[in-house]
Protein chains: 2
Amino acid sequence: MNNFRFYLPTELLFGKDTHKNVGAEVVKHTSKKILFVRLAKASLERIGIYGDITASLAEHGVEYIELDGIVPNPLLSKVREGVEICKREGIEFILAVGGGSVVDTAKAIAVASRIDGDYWDIVTGKTKMNGGLGLGTIITIPATGTEMNASTVITRDEDLVKRGFMTICPTFSIMNPELTKTLPKDRVAQGVLDMFMHTAERYFTPTQAVDLTDRMQEGVMKTIIRLGSKFYHKGYDYDTVAEVTYASTVAHNFTLCVGRQGDWATHNIGHELSGEYDLPHAESLTVIFPSWIRYTRGVNPARTAQFFVNVFGVENNFFDVDDTIDRGLEAMENWFKSLNMPIRISETYIKDVDIEKLANKASEGGNRKLGNFKQLSHDDFVAIYKLAL
Amino acid sequence: MNNFRFYLPTELLFGKDTHKNVGAEVVKHTSKKILFVRLAKASLERIGIYGDITASLAEHGVEYIELDGIVPNPLLSKVREGVEICKREGIEFILAVGGGSVVDTAKAIAVASRIDGDYWDIVTGKTKMNGGLGLGTIITIPATGTEMNASTVITRDEDLVKRGFMTICPTFSIMNPELTKTLPKDRVAQGVLDMFMHTAERYFTPTQAVDLTDRMQEGVMKTIIRLGSKFYHKGYDYDTVAEVTYASTVAHNFTLCVGRQGDWATHNIGHELSGEYDLPHAESLTVIFPSWIRYTRGVNPARTAQFFVNVFGVENNFFDVDDTIDRGLEAMENWFKSLNMPIRISETYIKDVDIEKLANKASEGGNRKLGNFKQLSHDDFVAIYKLAL
């Protein structure tokens, strides 16, 4: 196990009706006007919480400026718009209501409001972060885990370069599983795959002696597979969705991965598909991950086999690890398909994929390497994209 | 799953050499003289860290007043001694170096220094807590998990009443698994049992729909059984002890038990054996827990069987749950015995046990009930003590 420093100061409020008291939480942290970054008003009304939230803010005398129009794979231009408001109005606290795109936009605004330069200067290392504004969130889809970590993914408009960066943890986050009642089926599947892959990326580690976090991660993935599938196929019931919702948080709040490196090549190789072709994040993961496993299966076959046996319940072939991995890949791909997700690029709406362009972007012209389980570079990216065709 | 609020603001610094920079951590939180609550100097010198710590404090200009003489099952009188120093000297920050007894004493001092009354007034509810002084810890034995939670157990000198109370989380905690190199074998076993039972008490819950935390807890307990046993039988190696050390923290930092009630009857029934006869905490658990399971096995046999199958690897008898539980009890008692722990009171040094007195203390004269998996009262305590004879 590696040395580590773990600090997770987000206060998590979880359960039925918890969003109805958001105003009381906000006034613990600011007495000024706030920025209310959110999904479209119509979306929040469909979920049934716009009135609850604004009523609670009004009850506690919280004034706000609203910002919406955030797209999936959220854009730098929207971050800049929010920063301009925060600086102009002297805002100290942001309330973000929505999914990962909304919260990540709010995180980027929170840190960029504290520097002179642009948010992208932080991502590129040109400008150092200087803390951030306070941030409360209400999550409307369990998926990204952004409510309880510092991870922030923003896409630059001009060249569609999508980059993750560690900014700040929210001050508080509110998760009410009931808010998922109106979630369309495809968004359920995307969320389930997202949280699964946050754990799976961490499972494929080069670090030795990490049995404890292996076992905890296996428990989380097994539960996501079982209850995520139930949520998808049988629809909303509170008990099931509550477990899936908390799973999305622990899958990505670093509790289960301290002292070990994750891999993250699949995320980054997939990001280029999302950035270039606007492919939903989850689909970028389900098309890349099986190919990534095929490409790296020789690196540590014991770990790959352990993943399929302990997470997917594949029977171990003690005499032929390749057979175990083959059957594991089949089981995982079948699970992806059962959620109506593509497992090859040809099954998405992308028809002409420019592999060389994607590999060039992922490698930043050949210089950037990705992955820790196995370090990969440009030619490896090409091979993985080809396996995924 | 129940609604919950989760807030764990302790910063955890984990790994080799981490204690050597404690002074730099302390000066982030105070510029005044601190209270340095610790194991006996000779003990810290045997572990090899007294010089490292005082050198680091000196390097960062931290002055301190030392307080030691803390006994296992730590006493209220020592808390009062510390509070008197903190109030007199205007101390704002405490550094605690030792195991659970030292840290719990420091926690009690930290909160009692902020009120007019006595620490016991907080425990009894007579006086409300008013926050606490800052608190840094360096843990010398992985066991109690006190480094990353608010749990505090203190014994009142005059009548040896031992009571747990939720005070404050440490500001930071430093865990260096290397510090366990000189730990005597019996202390290793005690620590392993302590962390195991912190998880097991949470596993026996009346709350429904807690599969996710069940799976994570099972992973933690399986790892504690395997690697805790390895630490005990084969002695120190860094990789093994690092995992056991982090297990002690997650076993009791509430990450794995959000949204579910734990039971805690075993701890509280056992506390009376420790309070009355000064029995080591871990031994109080290994003699009570098997009897508690025998007494409650009819409450939710599916959960009890799941515990033994998923944690102890007992083969499930799908047709006879009682058979599964019988073999599970045998496996668990064998594991306790393999760590040289007693599984009956008659195997401890207690020769004449006054069951009526213990049951009266545990029930506070008949009024106090314990346990959530099954709520127990005076006569139940008597029955469980008898089963444990």
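Visitor: Is A:Asp326 buried, partly exposed or exposed, by its relative accessible area?
Guide: In this predicted model, the relative accessible area of A:Asp326 is 41%. Buried requires under 20% and exposed requires over 50%. A:Asp326 therefore counts as partly exposed.

Visitor: With which residue does A:Asp326 form a salt bridge, and where do the two partners lie?
Guide: The closest N and O atoms of the pair are 2.9 Å apart, and the partner of A:Asp326 is A:Arg297. The two residues link distant parts of the chain, 29 residues apart. A:Asp326 sits in helix H13 (residues 321-338) of chain A, while A:Arg297 sits in the loop between helix H11 (281-296) and helix H12 (301-312) of chain A.

Visitor: Is A:Arg297 buried or exposed?
Guide: The relative accessible area of A:Arg297 is 18%. The limit for burial is under 20%, so A:Arg297 is classed as buried.

Visitor: What are the relative accessible areas of A:Arg156 and A:Asp159?
Guide: A:Arg156 and A:Asp159 form a salt bridge, with their closest N and O atoms 2.8 Å apart. Both residues are partly exposed. The value for A:Arg156 is 23%, and for A:Asp159 it is 31%.

Visitor: Which strands of chain B does the salt bridge between B:Arg38 and B:Glu66 tie together?
Guide: The side chains of B:Arg38 and B:Glu66 meet at 2.8 Å, N to O. The positions are 28 residues apart in sequence, so the pair ties together separate parts of chain B: strand E2 (residues 34-38), which holds B:Arg38, and strand E3 (residues 64-67), which holds B:Glu66.

Visitor: What radius of gyration does chain A have, and what would a compact globule have?
Guide: Chain A has 389 residues, and a compact globule of that length would have a radius of gyration near 21 Å. The value for chain A agrees with this, at 21 Å.

Visitor: What percentage of contacts in chain A, between residues at least 6 apart in sequence, join residues at least 24 apart?
Guide: Chain A comes to 15 helices and eight strands, and 62% of its residues count as buried. Among the contacts in question, the share joining residues at least 24 apart is 77%.

Notes: Residues are numbered from 1 along each chain as its sequence is written. Chains are lettered from A and ligands numbered from 1 in the order in which they are written. This is a predicted model: local features need pLDDT of at least 70, side-chain atom pairs count only at pLDDT 80 or more; totals for chains, interfaces and linings use all residues. Side-chain values use heavy atoms; hydrogens and water are left out. Helices (H or I, at least four residues) and strands (E, at least two) are DSSP runs, numbered from the N terminus. The radius of gyration is taken over C-alpha atoms; the globule rule is 2.2 Å times the number of residues to the power 0.38. Buried means under 20% relative accessible area, exposed over 50%, partly exposed in between (1.4 Å probe, protein chains only). Contact means heavy atoms within 4.5 Å. A salt bridge is a side-chain nitrogen of Lys or Arg within 4 Å of a carboxyl oxygen of Asp or Glu.
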